[in-house]
Protein chains: 2
Amino acid sequence: MKKIIVQKFGGSSLASPERIKCVAEICKETQYNEDCSLVVVVSAMGDTTDDLLDLMVQVNSRPNPREQDMLLSTGEQVSIALLTMALNKIDKKAQSLTGWQAGIKTESIHTKARIKEIETSRILKLLEEDNIVVVAGFQGFDNNHEIFTLGRGGSDTTAVALAVSLGAERCDIYTDVDAVHTSDPRIVKKTSPLKNISYDEMLELASLGAQVLHPRSVETAKFFNMPLRVRSSWHPENLGTLVTDNTNIELNLKEKKEIKVIEGQKAVRGVAIDKKQARISIIGVPDEPGIAAKIFGELSENGISVDVIVQCVSNDGHAELDFTVKRDSAELAKIEIDRIAKLVGAKRTSLDLNVVKVSIVGAGMIDQPGIAAKMFKSLGQKGINIQMISTSEIRISCIVSEKEGEEAVQVIHEAFGLSEISA
Amino acid sequence: MKKIIVQKFGGSSLASPERIKCVAEICKETQYNEDCSLVVVVSAMGDTTDDLLDLMVQVNSRPNPREQDMLLSTGEQVSIALLTMALNKIDKKAQSLTGWQAGIKTESIHTKARIKEIETSRILKLLEEDNIVVVAGFQGFDNNHEIFTLGRGGSDTTAVALAVSLGAERCDIYTDVDAVHTSDPRIVKKTSPLKNISYDEMLELASLGAQVLHPRSVETAKFFNMPLRVRSSWHPENLGTLVTDNTNIELNLKEKKEIKVIEGQKAVRGVAIDKKQARISIIGVPDEPGIAAKIFGELSENGISVDVIVQCVSNDGHAELDFTVKRDSAELAKIEIDRIAKLVGAKRTSLDLNVVKVSIVGAGMIDQPGIAAKMFKSLGQKGINIQMISTSEIRISCIVSEKEGEEAVQVIHEAFGLSEISA
C-alpha cells in the first residue's frame, strides 16, 4: 500500500463552487506528485455553520445540544458530497463518508465530544480501491448511533486523528493563511512566514489567538508525533509551515533538505495577541491560607476558566488578586467574585473588559537571558503600561489595555527583528 | 400504549422559522386533542433542495448518484433538528432521527430507492418515553451503511411506510392545499374540496398531475389500507380530505360521523390536467404482428415511459401509432423512434411538444353511462379538438393542444357541476 497523506480544508477554502473545484485540483495534484493515498477532511462551506446557527436561534435560542449537533453536522455532509463530485468531474475516483460512515467514534457529549477511536477499515478498503476518501470533519457517533460534533477546532482534530489512526506520513491543514507567521499580518505590516515550528511553540501561538491551528489538534499531533503542515489553499505551491517535534526533525519527507536544524534561529518566533480577555480584581482580601484556592475553586465549579493570575500582598496583611478570564464569561465571573468577596471579607472588586494579552513565543527563550527585559523595555519606551505579566518556559505574556494592544504587538515585533526572520 | 398518528409536513409548510413554529403548534395540538403518540415526518425546508441542486450543478452537472444522495439527504436533517428545537421550545419532549437512526432500510439504488423495511424499535422506545419523534423523510440506508434517497414523493412515502410499520391509526399529509379539490384552483375558479376520496380515485388524480399526493405513497397506503388525510398546515382546523378504501369506510376515527357513505355522490370526482406531455406519431407502419411490441420494447429498454397509446390501421395495410411520453424525455424518444421507424419501414414520424392530458376521475363512472359522451360533447361545443382518448375503469383522459388545455379543464368542470359538489 502507498503512503497515506491526510489533507484538511477549512470553510473559507470551500466557500463557493469555484473554491471547491480549486480544492479538488489540489487533491489531484497531491495524489499525483506524492504518489500517495489521499484522505481529505473538510469543514462546512464558508458561512454555512453561521447560517444554520442563525436559523436555529430564530426557532429556539437555547436548543437541546443533541439537536444542535443534528443540525450542524449537515454542513460538513454538504461539503463532502460537493468535493467528491468535483473530484469525479476531473476524473478522480473518490467517495465521501460522513463521520459515522468513516467510523469516527466519539464520547457521548454533545457539541464538544472528543474522538475516542476510529474504525478505519472502511476508509482503508476505499483507499485500496484507489479512491480519494473525503471525510466529514467535526463529527462522529457513539455506540447508540447518536451524532456528536467535536466543538471548536473539530475539523482540524478529525484530520489529525485520522492521520494518526491511518499511520499517515503527515497531515496538511489548508487554511486561508499561507503559513504560520511571526505575528498577525492584520496588525503587523512586515510579518515573516515560519518554515517550521515546534508543537510547543505552535501550541502557545494557537492558544494565544494566532487562530491558525486549534490547540486541540496540535496537542493530538504532538502526542502522536504526527507532522502537520499549515498551508494555503490559495497558494498550494507554497509549502507553508511544518509543525513537528524539534527533537525529531529528521522526517521522512520529500522536503527534508529544506528543514535545517533549528539551531541558530531567533529565540522569539512570534508575537500573538488575544483580544478576548477581561481582567477582574479582588482587593483587600485577608491574607489567609486557602483564600486563593477557595476563590478559584468556586470559579472553576461555575465553569469559568481563569487565565493569567497575579497575587500581591500589601504590608497591612491584605492581599490583592488579579486575574483574567475570557471576555464572554466575565460578567458571570464578576457576579461570582462579588459573592465570594463578601464571603471572605474582601474590600472591593473590579472588572475591566478592555484588556488584551500580548505574548512572545519561542522554544529558544529559555536559554537566552534578557528576552523578558527586552520585551518590557520596548513597551515602556512607547509608554505602554503593563498591567500583569505571566510566563511559561516558552512564552512571556503581558496584559495591556485594549487600545494599546495592537501597538504593543508592533513594537515587540520590531524590537525582536522578526520582520527580517527567514527561519 | 396510546394510538399512534403519523403526520407529514412538506417543504412549503417548513419554509421559514415562523412556519416551523406553526408546525410545532400543530403537532402539540394533535397530540393533546387526539391523546396519541405522534411521529412527524418532514421534508427539506422550502427551497433547500433546489439550493443544494443549484450548488451541485455548479460543481458537477452529472454527479455520481451516491454523492447526490449524500448531498440532498442533508436537507431533511436540517428540518428534523429545527422542528425538534421548536417543539422543545413549547415544552414538548421530542427527538429527531435521521433515516438511518429511524431504521428505515431501503433498496441499494441511489436517488430512487424503495423502502424495504423499517426497524421500528428505536422509534417505539422514544414514543414510550413520551417523545414526539421527528423523522427525516425521503431517506434511508442499506446494510452497508450507505445513504439512499427515495426519489419523487419520497417524504410522503416515508410517512405512509412508517404509519404502516408502526400500526398507526392514520397518516396526515400536511401540504399547501386545504384538501383534494375537484380541480386545480389555479385553473378553475370554483373548485370544491372533497371530504373523502378513494385510493383509486386519488391515484388517478395524483398521477394525472393534481400534485397533492405522489402516487407511490397512495399505492402504499392502498396496499396496507392505511387512511390518509390531506390537509393544510396553514388551516389545521380544516379536516381536509380523507383518502380511504371505499369498501371499508367504517373507520375507527373521531370524525367517523362526518363520513357519509359514498353512495349518491357525483360519479365524476375531479378534473386533472397533466401539462408535461408530448405526443409522438409514427405513420405508415407496415401492419404486421409484433411491430407495436418492438417499438414499445425498444423505448422501454431506453428508460422511456409511454403513457397514452392509440393505434389505428388504415385500409392500405399501414398503421399509425400515436403515443405520449413525458415532455422531458420526448427528444430522446424521438431519436429512438426515428431509428426504429427506419428499421420497421415506417413512412415518417412526428413530435408535438405542445399537448396536455385532461382527465376526469371518479370511482362511480363505471356504473354511469354517458359520462364519456358528456365530456367529449362539452369539449366539442367549445371547439376544442380531442387528439387522443384513453380510458380506465375510473378515468377518462383526452389529449388536447396545450393552448386549449386550461379551457378544457374549465368547461369539463362546469359540465359536470363540480363547483356545487359538497361530497
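Me: Two residues are in contact if their C-beta atoms, placed from the backbone, lie within 7 Å. In this predicted model, how many residues does the contact take from chain A and from chain B?

Reply: The cut-off of 7 Å applies to C-beta atoms placed from the backbone. Under it, the contact takes residues from each of the two chains: from chain A 28 residues, and from chain B 28 residues.

Me: Which helix of chain A gives the most to the side that touches chain B?

Reply: Helices α1 (17–34), α2 (48–59) and α3 (65–89) of chain A each supply at least two residues of that side. By kind, the residues on the side of chain A that touches chain B comprise 15 nonpolar, 10 polar and three charged. The greatest contribution, 14 residues, comes from α3(A).

Me: What relation holds between chain A and chain B?

Reply: Chain A is superposed on chain B by a rotation of 180° with 0.0 Å of shift along its axis, at an RMSD of 0.1 Å.

Me: Which residue of chain A comes closest to the rotation axis?

Reply: The same surface serves both copies, as 100% of the contact residues of chain A recur in chain B. Taken by C-alpha, the distance to the rotation axis is 2.6 Å for the closest residue of chain A, which is T74(A).

Me: Which strands are the edge strands of the open sheet in chain A?

Reply: The sheet has six strands in the order β14-β15-β13-β16-β18-β17 (chain A), with antiparallel pairing. An edge strand here pairs on one side only; in chain A these are β14 (306–313) and β17 (388–392).

Me: What angle does the direction of helix α10 of chain A make with that of β18(A)?

Reply: Helix α9 (residues 330–344) of chain A packs on the sheet, touching β13 (270–286), β15 (318–326) and β16, and its direction makes about 25° with that of β13(A). Helix α10 (residues 371–381) of chain A also packs on the sheet, touching β16, β17 and β18. The direction of α10 of chain A makes with that of β18(A) an angle of about 20°.

Me: Is F376(B) buried, exposed or partly exposed?

Reply: F376(B) lies in helix α10 (residues 371–381) of chain B. A residue is buried with 20 or more other C-beta atoms within 10 Å of its own, and exposed with 12 or fewer. F376(B) has 16 C-beta neighbours inside 10 Å and therefore counts as partly exposed.

Methods: Residues numbered from 1 in each chain as written. Chains lettered and ligands numbered in written order. Predicted model: local features only at pLDDT ≥ 70, side-chain atom pairs only at ≥ 80, totals over all residues. Pairing = 2+ DSSP bridges. Helix = DSSP H or I, 4+ residues; strand = E, 2+ residues; numbered from the N terminus. Axes fitted to C-alpha atoms, helices over the stretch in contact; angles between N-to-C directions. Least-squares fit on C-alpha atoms with pLDDT ≥ 70 in both. Nonpolar A, V, L, I, M, F, W, Y, C, P; charged D, E, K, R; others polar.
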